[in-house]
Amino acid sequence: MSSLRAFSPDGQQLAEAAPDGRLQLWDTGSSTLRQELARSSHLALRSTCVAWHGKSAAAALVAVGTDGGAVLLWDAARGELAHELRGHTQAVLDVAFDGADTLYSSGADKQVCCWSVSSGSLVHTFKAGKAAVHRLCLAPDGLHAALGGSAIRLVRREGWKRLARLPGRAHAG
């Protein structure tokens, strides 16, 4: 598996989640490594996905999904693990932030989990159907989401009601 990368919202940093569980934050202007974050047991979990949250790299969180079903929520400004979120029973396949305090994760266990970023608590889960959700896409209107698996499912986020099923290849896995 290759490394996973995501830019900070302001483009000032690049996060690279290595398969061995290390998270490296690079300065894009100088091409220098700003910090490397890792749990002491970082070799126990492989990184599967990464996403930034925050208006700037100085006040940002980085979510890293793992093959063990955990989501590691790193405080990039402090250089420390803010929360280890456990709600999936299989690999986390995608993570996406929405709003000021919400993180969504999807997994091979066919679940979508909604997390409170500030408390690290699981707000609710949604069974997405018969197939794993490989990709999450949250609409800017806050009302809809697209779930990519064996097909793309358009859902209303309130109640997670399916609105449409779009056939075709929806994931790269």
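1. A quick word on terms before we start: two strands are taken as paired when DSSP finds at least two bridges between them. With that in hand, look at strands S2 and S3, which form a hairpin with 5 residues between them. In the turn of this hairpin, Gly21 has a positive phi of about 95°. Please keep in mind throughout that this is a predicted model.

2. The pairing of S2 with strand S3 (residues 23–27) is antiparallel and rests on 5 bridges.

3. How buried is S2 itself? Of the 5 residues of strand S2 (residues 13–17), 5 are buried, so the strand is largely enclosed by the rest of the structure. The cover is on both faces: Gln13, Ala15 and Ala17 are buried on one side, and Leu14 and Glu16 are buried on the other.

4. Now to the aromatic residues. A search of the whole structure turns up 2 aromatic pairs. One of them joins Tyr104 and Trp160: the ring centres are 5.8 Å apart and the planes meet at 65°, so this pair is edge-to-face. Tyr104 belongs to strand S10 (residues 102–107), while Trp160 sits in the loop between strand S15 (152–156) and strand S16 (161–166), so the pair ties together parts that are 56 residues apart in sequence. Tyr104 has 7% relative accessibility and counts as buried; Trp160, at 7% relative accessibility, also counts as buried.

5. Trp160 has a further ring partner in Phe126, and this pair is stacked, with 5.0 Å centre to centre and 25° between the planes. Phe126 lies in strand S12 (residues 122–127) and is 34 residues away from Trp160, so here too the pair links distant parts of the chain. Phe126 counts as buried because its relative accessibility is 15%, and the cut-off for buried is under 20%. Taken together, the ring pairs link Tyr104, Phe126 and Trp160 into a cluster.

6. The backbone of Trp160 deserves a glance as well. Its phi is near 50°, a positive value in a residue other than glycine. Lys110 counts as partly exposed, with 30% relative accessibility.

7. Finally, a look at Leu136 in strand S13 (residues 135–138). Leu136 has 9% relative accessibility and counts as buried. Which residues does Leu136 contact, leaving aside its neighbours within four places in sequence? The contacts are Asp94, Ala96, Tyr104, Ser105, Ser106, Val112, Ala146 and Leu147. Tyr104 in this list is the residue whose ring pairs with that of Trp160. As for Ser105, it is 31 residues from Leu136 along the chain, and the C-alpha atoms of the two are separated by 7.8 Å.

Note on methods:
Residues numbered from 1 in each chain as written. Predicted model: local features only at pLDDT ≥ 70, side-chain atom pairs only at ≥ 80, totals over all residues. Heavy atoms only, no water. Buried < 20%, exposed > 50% of the residue type's maximum accessible area, 1.4 Å probe, protein only. Helix = DSSP H or I, 4+ residues; strand = E, 2+ residues; numbered from the N terminus. Phe/Tyr/Trp six-rings, centres within 6.5 Å; stacked < 30°, edge-to-face > 60°. Contact = heavy atoms within 4.5 Å.
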